[in-house]
Structure formats: structure tokens, C-alpha cells
Amino acid sequence: MRRRLIFWLLLGCLTLWGPAQAEVSSTMENWKRIDSRYCTIWVHPAVGVKQVNKKISTWRVRPKVKAVPKGDSVSDELAGKCDTLFRRAQEILDMYPAGIQVTIKILKERSEIKGAHSAHYGFGTKAIAFYAYEENTIYAEADDLSESVLVHEMAHCIIDHYFRMRPPRKIEEMLATHVDAQLRA
Ligand SMILES: [Zn+2]
């Protein structure tokens, strides 16, 4: 399972694929916004926050970052989980870029990931998630979401903000994969 996940993540980071099939709506109307310490999470209108929250498990992940209650309990729980993952990624990498924050967009369909990737880079992807440095945003699809996927993409964000010059993609990929592997270590 982990091998398969790493395969899809690598695919998204390193390879080129065919044309886009769908685009992410340019308006964020009706999307649910959740703010945490490190993240601004946008959830697609057709995806429930509960559904997203269920996909991410942070038990056994340390250190726990507790969210400051702002919204309903499910949103607060999701905010706390995202912060825990982000903090853990920083710790594994031992990189703490000042004032770092990331936007996470949770999409409904895999085709929307492809569309978003194509809009950024001119070609699609078969990946289940990717991080766009240019707008500091993680794109992920609800069905295939997991703590591994998120922490891997968060690692990309941290690495890209830590170094003055972004490291070669293969090195960065290796580091991001290391973070995923060490998540519960
Ligand atoms: Zn990657």
C-alpha cells in the first residue's frame, strides 16, 4: 500500500502526463474555509468536512498541536490534525521557515487535480495530490486523501521555503518521501 502511494506521489512530482480534463473552479464560492495555525484549508462544496476529517488520522503522531477552537468541532479537529502534521514535518526536516503558512485545496474529483496541474504547468498529472510552489497551495483529492499524502506535500512546502534556492527536484522528492516514512517514528 505504501509502495503504491509513493508511486503515485512520485508520479505527480516527477513525470508528465496528457492533457487536462477538468479545471478547478476559479471562484471559491460555497467552499468551506478552515483556518489553522499553519494552514488555510478549502474544502470543495461537494465534499463534506466530516469526510475529509475521517480520512486523516494523526493518532501516534507527535507533537500534537491543538487547534484554537474557531468553528464547529469537526472543523476544529481537522485544523488541529493539519497543524500536527505540519509541525511533525518541520521537526523531521529540522526546518522552520519563519511565518510559514500553506493553502490546502481539497477537491472532489481526480480529474480536478489533473486540471489544476495543467493550469499551472501546461500538462496534467495522474498524481493524487501536488504542491504548487507558485501559489503555495497543496491540491489533493478527497477520496485518496490521507495523512501520508498531506504530510508529504507539506514537506514540499517547507523545503521550498527553507532554502533560498529550491533544491533539485529529485533531492526534494527524497526528503518529502522521508518525512512521510518517518511520520510516526
Ligand atoms: Zn513529492
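## A tour of the sheet and its helices

Begin by selecting Leu107, which stands opposite Glu141 in β5. Before going further, note that this is a predicted model, in which local features need pLDDT of at least 70, side-chain atom pairs count only at pLDDT 80 or more, and totals for chains, interfaces and linings use all residues. Residues are numbered from 1 along each chain as its sequence is written.

**The whole chain.** Display the protein as a cartoon: there are six helices and five strands. Helices (H or I, at least four residues) and strands (E, at least two) are DSSP runs, numbered from the N terminus. Followed from the N terminus, the elements run α-β-β-α-α-β-α-β-β-α-α. Of the 185 residues, 38% are buried; a residue is buried if 20 or more other C-beta atoms, placed from the backbone, lie within 10 Å of its own.

**The sheet.** Select the five strands, which form an open sheet in the order β1-β2-β3-β5-β4 with mixed pairing. Strands β1 (32–35) and β4 (129–132) stand at the edges with a single partner strand each, so one side of each has no neighbour in the sheet. From one strand to the next, the twist averages 15 degrees. Strands of a sheet pair through backbone hydrogen bonds, either parallel or antiparallel. Here, two strands count as paired if DSSP finds at least two bridges between them.

**Across the sheet, strand by strand.** Start at β1, which pairs with β2 (residues 39–43) in the antiparallel sense over four bridges. The two strands form a hairpin with three residues between them, and Arg33 stands opposite Trp42 in β2. Next, select β2 and β3, which pair in the parallel sense over five bridges; Cys39 has Val102 in β3 as its bridge partner. Is β3 mostly covered or uncovered? It is mostly covered, with five of its six residues buried. Strand β3 also pairs with β5 in the parallel sense, over five bridges. Finally, select β4 and β5 (residues 137–141), which run antiparallel and are joined by four bridges. Phe130 stands opposite Tyr139 in β5.

Axes are lines fitted to C-alpha atoms, for helices over the stretch in contact, and angles run from 0 to 180 degrees between N-to-C directions.

**Helices α3 and α5.** Select α3 (residues 73–93) together with α5: their axes come within 9 Å and cross at roughly 55 degrees. This angle makes α3 oblique to α5; angles under 35 degrees count as roughly parallel, over 145 as roughly antiparallel, 65 to 115 as roughly perpendicular and the rest as oblique. Among the residues that meet are Leu85, Phe86 and Leu93 in α3 and Leu150, Met154 and Ile158 in α5, where contact requires C-beta atoms, placed from the backbone, within 7 Å.

**Helices α5 and α6.** For the last stop, select α5 (residues 147–162) and α6 (residues 169–181). At what angle do their axes cross? They cross at roughly 135 degrees and come within 8 Å, and the two helices are therefore oblique to each other. The contact includes Ser148, Val151 and His152 of α5 and Glu172, Leu175 and Ala176 of α6.

Terms used:
Contact = placed C-beta atoms within 7 Å. Buried ≥ 20, exposed ≤ 12 C-beta atoms within 10 Å, placed from the backbone.
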